[in-house]
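Thanks for letting me take a few minutes this morning.

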Amino acid sequence: MQQKIALVNFFFGEFPWYFNFFLKSCTHNPDIDFLLFSDNKNTFDLPENVKLIPTSLKDFNDLAEKKINLKINVVRPYKFCDFKPSFGVIFEDYLEGYTFWGFCDIDLVLGKVTNFITKEILDNNDVISVRHDYTSGFFMLFRNIPKVNNLFRESKDYEKIFLSNDNFCFDECNYKYEYIQSPEDIIHIDCEIESMLEVIIKQHIKGNIRAFFDFLVIEGTPGKLFYDNGKLVYNNSYEVLLYHFVSLKYNIFTKVPNWKEIPNSYFIDSYTFCKKRNLWSVMKSKWNNVIWPSVFINFLKLNRAVSVAIYKKPFNRLKPGLFFLGETILEVKKNIKTNTIIREREEYSVFGLLLMPSYFFIENTPYCYKIPDYTKESAENFIEIRRDGNTSKFDLRK
């Protein structure tokens with residue numbers, strides 16, 4: 001029997017630069033339907049298998065309240081991540097007739113999905129994750145039957161999660177990534193909530209469902225990716241299901257291509273894109289992906305070392321309060337001369353980098369940080385810059 005698949009996504013606001021890459025890869029997966037719920041009213045030339053469904057936060061809250069029978073009040077779009085496991089119930093009217101439903105983010109370039117999610121895998125599994133260690137919230141499939149659609153209710157914490165405006169990473173592993181080597185590890189980890197990973201593993205062990213975990217994706221900024229008419233190949237060696245832009249989209253070295261139309265074939269290097277390989281493109285790639293990132297990161301390290309050795313410049317541009325990144329919490333305090341940051345009960349001073357007014361470092365930590373807009377009197381978010389240029393954003397909890 002032909003398996004019909006629908007993938008659901010929620011995205012509010014202006015679509016980012018990588019959206020067109022996602023759409024292009026949808027065109028090469030005509031046997032999958034993509035349901036995109038959004039408040040974006042712009043006109044798009046969408047592939048036939050991508051349906052843009054106008055919606056609002058109120059629309060979602062009203063529908064979720066009706067389907068789940070809880071007083072839902074989502075106020076920030078990122079909170080939709082916690083609701084992903086319940087999409088099979090909330091959007092059951094849209095998913096009628098599909099054998100499998102799932103969710104996928106738009107910061108993806110999809111390869112040929114059915115080359116990996118085969119009929120055999122679909123026939124023999126109820127839940128499909130494309131990571132080997134935890135439930136892949138960026139792309140995941142569920143058999144469209146009541147038992148599987150209601151798996152989220154097996155979490156003893158689902159009501160707490162849905163009624164709170166906090167983000168719990170319910171669709172994945174409650175931010176316990178660094179502790180997980182295999183899915184079963186989640187059972188032995190002390191978590192704030194019972195995440196979908198824990199639910200699925202427990203139900204799989206009991207024999208109530210059949211769960212599939214395998215590492216089928218590329219993440220990070222490895223480069224060496226070639227997209228060719230729907231196939232995504234790494235290092236001229238093997239095909240992959242998808243490339244996740246999660247690191248590339250926030251990297252300080254990323255150069256967004258100024259392409260009017262995404263071609264059928266292109267290369268994805270560590271931080272850049274190109275349409276074809278020739279001597280000039282190889283030289284540019286070497287500079288943009290190897291030489292310049294190395295020069296800049298080494299300059300940051302040198303600047304920090306000089307700042308420590310010669311003059312610790314006070315940095316007082318962060319707004320006092322609690323800043324969050326997943327489970328990491330930093331409390332910022334403002335003293336007369338400089339900000340201080342409390343982390344795990346220890347207090348550290350904050351110092352600026354010489355010659356770089358928007359950059360700072362925290363004593364006794366390895367990374368540098370940057371506030372996005374130095375013209376503001378006090379910053380309500382800042383980014384942590386890692387050695388590969390990847391960043392993570394800390395936000396002030398309001």
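**Strand 1 and its surroundings**

Strand 1 and strand 4 (residues 100-104) pair in the parallel sense over 4 bridges, where strands are DSSP runs of E with at least two residues, helices are runs of H or I with at least four residues, and both are numbered from the N terminus; two strands pair if DSSP finds at least two bridges between them. This is a predicted model, in which local features need pLDDT of at least 70 and side-chain atom pairs count only at pLDDT 80 or more, while totals for chains, interfaces and linings use all residues. Residues are numbered from 1 along each chain as its sequence is written, and side-chain values use heavy atoms, with hydrogens and water left out.

How many residues of strand 1 (residues 5-11) are buried? The count is 7 of the 7, so strand 1 is largely enclosed by the rest of the structure; buried means under 20% relative accessible area, exposed over 50%, and partly exposed in between, with a 1.4 Å probe and protein chains only.

In a regular strand the side chains alternate between the two faces of the sheet. Here Ile5, Leu7, Asn9 and Phe11 point one way, whereas Ala6, Val8 and Phe10 point the other way.

Let me finish with a contrasting residue. Arginine 345 lies in the loop between strand 19 (339-343) and strand 20 (346-353), has a positive phi near 75° although it is a residue other than glycine, and counts as exposed at 84% relative accessibility.
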